[in-house]
Each structure stands twice: as C-alpha cells, then as structure tokens.
Amino acid sequence: MRVQSSATTPARIAVGGPATASGGRSSGTLMAALGVVAFSLTFPATAWGLEGFGPWSLVAVRSVLAALIAGGCLLALRVAPPERRHWAGLAVVAAGVVLGFPLLTTLALQTSTTAHAAVVVGLLPLTTALLSALRIGTRPSRTFWIAALAGAAAVVAFTVQQSGGALTTADAYLFAALLVCAAGYTEGGRLARVMPGWQVIGWALVLCLPLTVPATALALAHEPVHLTAHSVAGVLWVAAGSQFLGLVVWYRGMAAIGVPKASQLQLAQPLLTLVWSVLLLGEHLTVAAPLTAAAVLVCIAVTQRARG
C-alpha cells in the first residue's frame, strides 16, 4: 500500500496548486541531480576499491551488499514478487546492469584511468537510445542518427589517440560494457512502465544472489584482500551509493520532473567524473579528455532534442 501511495504523489502535487507543484519539481530536480552525482562517483570509487580487492572480489562483494540492501527494502515495504512474465526482462537487467557493466568496467580500470573510462562510457546515453530504438521499433530522425554517429566517432577517435593508434584491452572492456549496460537500461526502461523503477533494479539484484554469493566466496578465497580506508569506502559506495541508492533517488527524480528533463541533468555525468578523478585520485587530464566529453555532451543534447 505504501508503494501505491508514492506512485500517486505527482497527482497530489498537481492538485495542490502552482506553489506546491513548483516545490515538487524542485524536489524532483534535486533527487535526479543527486542520482547523477552518485553515478559520477562510481569509477573513482571503483579505483579505490581496487586498492584492496581483486576485480572479481570487488564486483561480487558490491553486488551482494547491494542485493542485501535492496532485499531489505523490498521486504520492509512488503513488495510482492514480479509476475513470471517479467522475470526474463529482469534477467536481462541483471546481466547488463548488475553483473556485466560492473565487471567489465572494473576489469578496464585495472589498466585504464578513470578519466579515460568516463569519456568512453559517456557514450552510454547514445548507445541506450540506439538499442531502445531497435527494441521498441521507433524510427528516430536523421538529426538523431547524425548526432549519435558524431558522438561515437568522437569517442573512438579519443580512444585511438589515447591508446597510441590502437585500441587496448581496457578499451575493449569499456565498449563491451557500453553494450551490455545499454541492453540492461533498455529492458529496465520497458519494465519501469509496469513497476516502479527502484523495484526493477531491486529484484534484478536479488535475482543475482544465487550467483553472486558463491562467486563472492570463491573470489575472496583466491584473491588477496588488503583492507584500507580507501578500499572499504570504495566498495561501500559502489554497492550502496551507485548500485542501489543512486538509482532510487534517480527514479524518484524522473517520476517528479519527467524523463526528458532528468536526462538533461545526466549530460553532466562524464564531466563530473573527470572532476572527481582529479580531486580524489590525483589524475592529470589531457586536453583531449574534457574536450571529447564536451563534444559527446553536445551530441547527446542534440539527440535529446531530436527525440522531442
């Protein structure tokens, strides 16, 4: 019953008059912005986590911790399990968002800087839009496709230039992460039409527990763990902040202000990650990194306008 009442919040805001509606929009904007900040910290937090955990241990532990938080929320709110027809879609979300993207980006960050990874993964909104168009069967405008291809070309040129003329193994991991995460986002967006978005990621995390629990035990047994303040803070953030709580406030913000406005806020995510890479990790940015991130930002903004 509590979940149902939250879904009716926008309607109550509308009835409350202009002042109340304005307050609701401001709150929604703040929630969406907090989600973007949470996501922008994912790569720096992963780099911190790798100081004490192996890549497989880090991914497994973060997934289990996030699933325990999500499962506790689902139990506390007495949320009924999804219908059987939705489990296949949740499996796609789990494979892409819970397992694939964290694992591939963590493997990439073993040899790649967070700034480099942030620029490459800045293509995620475009990749998601392309897969969504194929999945739903919509036909975006020519402007959309030109902007999408321009953004992709900018990132490919950046990665080749940064890698000395050839793509590295880390770049392969990052491009694969784009594809699996975009697939998870696309399927999650479809499921979010029939259930609250936080429940989509919550059930996806819980669905992975039969895999992530034994994987955690196996990884911890074979990869040495050296706990430090950075490694503990990193794994806690990617588990609680990035993989669950960030998505909760993000979906709440989208519900209040709408997907188009919320997506505009997400355009700042790659640039924010570049800032965190300097402040938290002491990385030195090349001129190409912020310039490419800004170019991708412009391309994404054009695609958003072209999609209406």
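**View 1. Phe144 in its helix.** Phe144 is found in helix H9, which spans residues 142-162. The model shown here and in the views that follow is predicted.

**View 2. The protein chain as a whole, for orientation.** The secondary structure of the protein chain comes to 16 helices and zero strands. The chain has 308 residues, and 46% of them count as buried. If we take the contacts between residues at least 6 apart in sequence, 88% join residues at least 24 apart.

**View 3. Helix H4, largely enclosed.** Helix H4 covers residues 42-49. Seven of its eight residues are buried, so H4 is largely enclosed by the rest of the structure. Which residues of H4 are buried? They are Thr42, Phe43, Pro44, Ala45, Thr46, Trp48 and Gly49.

**View 4. H4 against H15.** Two packed helices are described by the angle between their axes and the distance between the axes. For H4 and H15, the angle is about 35 degrees and the axes are 8 Å apart. On the H4 side, the residues that meet H15 are Phe43, Pro44, Ala47 and Trp48; on the H15 side, they are Thr273, Trp276, Ser277, Leu280 and Leu281. By class, this contact of H4 with H15 has seven nonpolar residues, two polar ones and no charged ones.

**View 5. H7 against H15.** From H7, the contact uses Thr114, Ala115, Ala118 and Val119; from H15, it uses Pro270, Thr273, Leu274, Ser277 and Leu281. Six nonpolar and three polar residues make up the contact of H7 with H15, with no charged residues.

**View 6. Helix H11, mostly covered.** Helix H11 runs over residues 197-207 and is mostly covered, with nine of its eleven residues buried. Look for Gly197, Trp198, Gln199, Val200, Ile201, Gly202, Trp203, Ala204 and Leu205, the buried residues of H11.

**View 7. Arg78 in a loop.** Arg78 is found in the loop between helix H5 (55-76) and helix H6 (87-108). Most residues other than glycine have a negative phi. What is the phi of Arg78, which is not a glycine? Its phi is positive, at about 55 degrees. Arg78 is also exposed, with a relative accessible area of 78%.

**View 8. The salt bridge of Arg85 and Glu83.** Side chains of opposite charge can pair when their charged atoms come close. The structure holds one salt bridge, and Arg85 forms it with Glu83. How far apart are the closest N and O atoms? The distance is 2.6 Å. Is Arg85 buried or exposed? With 59% relative accessibility, Arg85 counts as exposed, whereas Glu83, at 46%, counts as partly exposed.

Methods: Residues are numbered from 1 along each chain as its sequence is written. This is a predicted model: local features need pLDDT of at least 70, side-chain atom pairs count only at pLDDT 80 or more; totals for chains, interfaces and linings use all residues. Side-chain values use heavy atoms; hydrogens and water are left out. A salt bridge is a side-chain nitrogen of Lys or Arg within 4 Å of a carboxyl oxygen of Asp or Glu. Buried means under 20% relative accessible area, exposed over 50%, partly exposed in between (1.4 Å probe, protein chains only). Contact means heavy atoms within 4.5 Å. Helices (H or I, at least four residues) and strands (E, at least two) are DSSP runs, numbered from the N terminus. Ala, Val, Leu, Ile, Met, Phe, Trp, Tyr, Cys and Pro count as nonpolar, Asp, Glu, Lys and Arg as charged, and the others, Gly among them, as polar. Axes are lines fitted to C-alpha atoms, for helices over the stretch in contact, and angles run from 0 to 180 degrees between N-to-C directions.
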